[in-house]
Each structure stands twice: as structure tokens, then as C-alpha cells.
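Have a look at the model first, then read on.

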Amino acid sequence: MKKIEAIIKPFKLDEVREAMSEVGITGLTVTEVKGFGRQKGHTELYRGAEYVVDFLPKIKVEIVLGDDLVDQAVEAIIKAAQTGKIGDGKIFVSSVEQVVRIRTGETDEAAI
């Protein structure tokens with residue numbers, strides 16, 4: 001089993017969710033996060049005063065799935081979230097040792 005964590009632009013969330021549905025992934029977790037990479041933030045004007053916004057709003061999508069779907073899911077996220085501009089985000093894939101569904105006690109693949 002693998003866990004995919006994708007950091008994407010907020011306005012791309014619906015497209016990523018639809019892409020996951022097309023691949024056959026039915027569950028995901030979404031968190032509003034803030035951060036920066038090469039984008040390094042930007043300056044904004046508020047009531048005539050300029051200020052620096054260091055941390056930009058992003059969305060973190062987390063998905064746990066079987067090894068057989070990882071490549072399809074990563075490709076679907078890339079196609080759905082890509083704008084071609086700086087700040088499109090990152091995808092992290094890591095191994096998951098155990099999953100337990102709290103309600104039924106099912107474990108591993110059955111719990112996904």
C-alpha cells in the first residue's frame with residue numbers, strides 16, 4: 001500500500017477529485033495548508049500599504065491506495081493539477097505499513 005500526498009493550487013481541487021474518481025479512487029482527504037517553494041510568496045497592497053505574503057494558500061490531498069493504482073493516480077493528479085506555471089505543487093509517494101478501519105476492524109487492503 002502507498003500514500004500519495006499532493007500539494008496543489010486550491011482552484012485545481014475539483015479537477016483532481018474528478019480525475020481520482022475516473023481512476024477508481026473513491027476516498028481522499030483534503031486539508032487547507034500554507035507554504036512556499038520556489039514561488040517564494042508575493043507582495044500585496046492593503047489600504048495603500050504594501051506587505052509580503054510569505055506563505056501561499058495550497059491544498060493537500062492525501063490518498064491511501066494499493067500499489068497497483070499508484071502510477072495511474074500520480075499521472076491523473078499531474079494532468080489535472082498542472083497549469084505550467086510556477087507553484088503547481090508537488091506529489092509525494094510513501095509506503096504505508098498498516099491500515100485499520102475503525103468501524104469494522106478490517107485491516108490493510110480491505111480497509112481502504
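Angles under 35 degrees count as roughly parallel, over 145 as roughly antiparallel, 65 to 115 as roughly perpendicular, and anything else as oblique. Helices (H or I, at least four residues) and strands (E, at least two) are DSSP runs, numbered from the N terminus. Keep in mind that this is a predicted model: local features need pLDDT of at least 70, side-chain atom pairs count only at pLDDT 80 or more, and totals for chains, interfaces and linings use all residues. Residues are numbered from 1 along each chain as its sequence is written, and side-chain values use heavy atoms, leaving out hydrogens and water.

**The sheet**

- Four strands make an open sheet in the order S2-S5-S1-S6, with antiparallel pairing (two strands pair if DSSP finds at least two bridges between them).
- At the edges sit strand S2 (29-35) and strand S6 (90-95), each pairing on one side only.
- From one strand to the next, the twist averages 20°.
- S2 and strand S5 (residues 56-65) run antiparallel and are joined by 7 bridges; Lys-34 stands opposite Pro-57 in S5.

**Helices on the sheet**

- Helix H1 (residues 13-23) packs on the sheet and touches strand S1 (2-8), S2 and S5, where contact means heavy atoms within 4.5 Å.
- The direction of H1 makes about 10° with that of S5; angles run from 0 to 180 degrees between N-to-C directions, and axes are lines fitted to C-alpha atoms, for helices over the stretch in contact.
- Helix H2 (residues 70-81) also packs on the sheet, touching S1, S5 and S6, and its direction makes about 5° with that of S1.

**Helix against helix**

- H1 and H2 pack at about 150°, with their axes 9 Å apart.
- The two helices, H1 and H2, are therefore roughly antiparallel to each other.
- Among the residues making the contact are Val-16, Ala-19 and Met-20 of H1 and Ala-73, Ala-76 and Ile-77 of H2.

**Salt bridges**

- The structure holds 6 salt bridges (a side-chain nitrogen of Lys or Arg within 4 Å of a carboxyl oxygen of Asp or Glu).
- One joins the side chains of Lys-3 and Glu-62 (3.0 Å, N to O).
- Lys-3 lies in strand S1 and Glu-62 in strand S5, so this pair ties together parts that are 59 residues apart in sequence.
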